Amino acid sequence: MKDSNKGIWIWNKFAKHYSGFIKRTLANAYAELYCQIKADVEGVDSVLEVATGPGLIAFEISDIVNHIDAVDLSAQMIEVAKEVQLQKGVQNINFACCDAYNLPFADGMFDRVIASNLLHLLKEPNVALVEMKRVLKPDGKIILPTFCHGESYKSRFISFFMSLSGFKAENKWSVKDYEEYIGNNGFKIIGKRIISGKIPLVYLMVENQN
């Protein structure tokens with residue numbers, strides 16, 4: 001789902017169970033996440049969601065934006081998303097399978113780009129950030145909620161055991177380290193929210209510094 005073809009099997013295997021897992025284990029955090037994202041995208045024309053998984057966020061915002069392109073590396077995740085789309089009858093989402101490192105969109109297409117719970121899983125998150133910046137309109141914003149596995153002893157401990165199951169965090173940032181990383185990649189942080197949990201979910205909204 002999230003990086004190169006290496007490790008994609010875990011996301012393909014998990015695709016049909018992903019939505020249920022989120023509801024069972026992260027319901028409160030995701031309710032807060034959805035609320036914040038809705039506030040930051042309401043009324044915009046074009047949204048790109050990178051690493052959409054089965055489309056949880058895309059479906060949540062589909063009635064308050066004009067159009068969404070929602071992409072993921074996992075073909076199985078996209079298949080599940082399309083099945084749900086058919087059931088819901090949602091018309092304004094285009095689901096497609098592609099790599100965050102090579103987005104198949106023209107420069108300056110989107111008012112908002114969302115990449116939720118992605119960057120900590122990538123070996124080269126800077127490459128994905130360059131692509132997101134490329135497809136963003138000059139006055140656009142990028143929304144980057146990310147689990148910060150390195151924030152505390154507890155979060156690092158949990159992260160270790162998650163990696164044994166195949167869910168490996170390539171980047172175990174603290175909250176401070178994550179903010180610095182985003183800033184060092186040419187973005188200005190214009191919104192921040194920490195959603196508490198065993199591993200904190202750090203919500204950043206950013207714009208291009210250049």
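Author: A salt bridge is a side-chain nitrogen of Lys or Arg within 4 Å of a carboxyl oxygen of Asp or Glu. The model is a predicted one, and the term is applied to its atoms.

Reader: Which residue forms a salt bridge with Arg 134?

Author: Side chains of opposite charge can pair when their charged atoms come close. In this structure the partner of Arg 134 is Glu 131, and the closest N and O atoms of the two are 2.8 Å apart. Both residues belong to helix α6, where they are three residues apart, about one turn of the helix.

Reader: Are Arg 134 and Glu 131 buried or exposed?

Author: The cut-offs are needed here: buried means under 20% relative accessible area, exposed means over 50%, and partly exposed lies in between. Arg 134 counts as partly exposed because its relative accessibility is 26%. Glu 131 has a relative accessible area of 10% and is therefore buried.

Reader: Which residues are linked with Arg 134 in a network of salt bridges?

Author: The network links Asp 107, Glu 131 and Arg 134.

Reader: How many salt bridges does the structure hold?

Author: There are seven. One of them joins the side chains of Glu 60 and Lys 38, at 3.1 Å from N to O. This pair links distant parts of the chain, with Glu 60 in helix α4 (residues 56-61) and Lys 38 in helix α3 (residues 27-41), 22 residues apart. Glu 60 is partly exposed, at a relative accessible area of 29%, and Lys 38 is also partly exposed, at 30%.

Reader: Where do Lys 137 and Asp 111 lie, given that their side chains meet in a salt bridge?

Author: The N to O distance of this salt bridge is 3.2 Å. Lys 137 is in strand β5 (residues 136-143) and Asp 111 is in strand β4, so the pair ties together parts that are 26 residues apart in sequence. Lys 137 has a relative accessibility of 24% and so counts as partly exposed. Asp 111, with a relative accessible area of 14%, is buried.

Reader: Let us turn to the backbone. Which value does phi of Asn 117 take?

Author: Phi of Asn 117 is near 55°, which is a positive value in a residue other than glycine. Asn 117 is placed in the loop between β4 (110-115) and α6 (125-135). With a relative accessible area of 5%, this residue is buried. The side chain of Asn 117 also makes a polar contact with the side chain of Tyr 30, at 2.6 Å.

Reader: Where is Ala 51 found, and what is its phi?

Author: Ala 51 is in the loop between β1 (46-50) and α4. Its phi is near 65°, again a positive value in a residue other than glycine. Ala 51 is buried because its relative accessible area is 7%.

Reader: Which residues make the nonpolar surface patch?

Author: A patch is read as a group of residues on the surface. Here Tyr 153, Phe 157, Phe 160, Phe 161 and Leu 164 make a nonpolar patch of about 590 Å². Tyr 153 lies in helix α7, which comprises residues 153-164. Tyr 153 counts as exposed because its relative accessibility is 62%.

Reader: What is the secondary structure of the chain as a whole, and why is the chain described as compact?

Author: The chain has eight helices and eight strands. Its radius of gyration is 16 Å, close to the 17 Å that the globule rule gives for 210 residues, so the chain is as compact as a globular protein of that length. Along the principal axes, the C-alpha atoms fill a box of roughly 45 × 40 × 30 Å.

Key
Residues are numbered from 1 along each chain as its sequence is written. This is a predicted model: local features need pLDDT of at least 70, side-chain atom pairs count only at pLDDT 80 or more; totals for chains, interfaces and linings use all residues. Side-chain values use heavy atoms; hydrogens and water are left out. Patches are made of residues with over 30% relative accessible area and no salt bridge: like charges are joined within 9 Å, nonpolar side chains (Val, Leu, Ile, Met, Phe, Trp, Tyr) within 5 Å. Accessible areas come from the Shrake-Rupley method with a 1.4 Å probe; for residues, only the protein chains shown count as cover. Helices (H or I, at least four residues) and strands (E, at least two) are DSSP runs, numbered from the N terminus. Buried means under 20% relative accessible area, exposed over 50%, partly exposed in between (1.4 Å probe, protein chains only). A polar contact is a pair of N or O atoms within 3.5 Å; within protein, one must be able to donate a hydrogen and the other to accept it, and residues adjacent in sequence count only if both atoms are side-chain atoms. The radius of gyration is taken over C-alpha atoms; the globule rule is 2.2 Å times the number of residues to the power 0.38.
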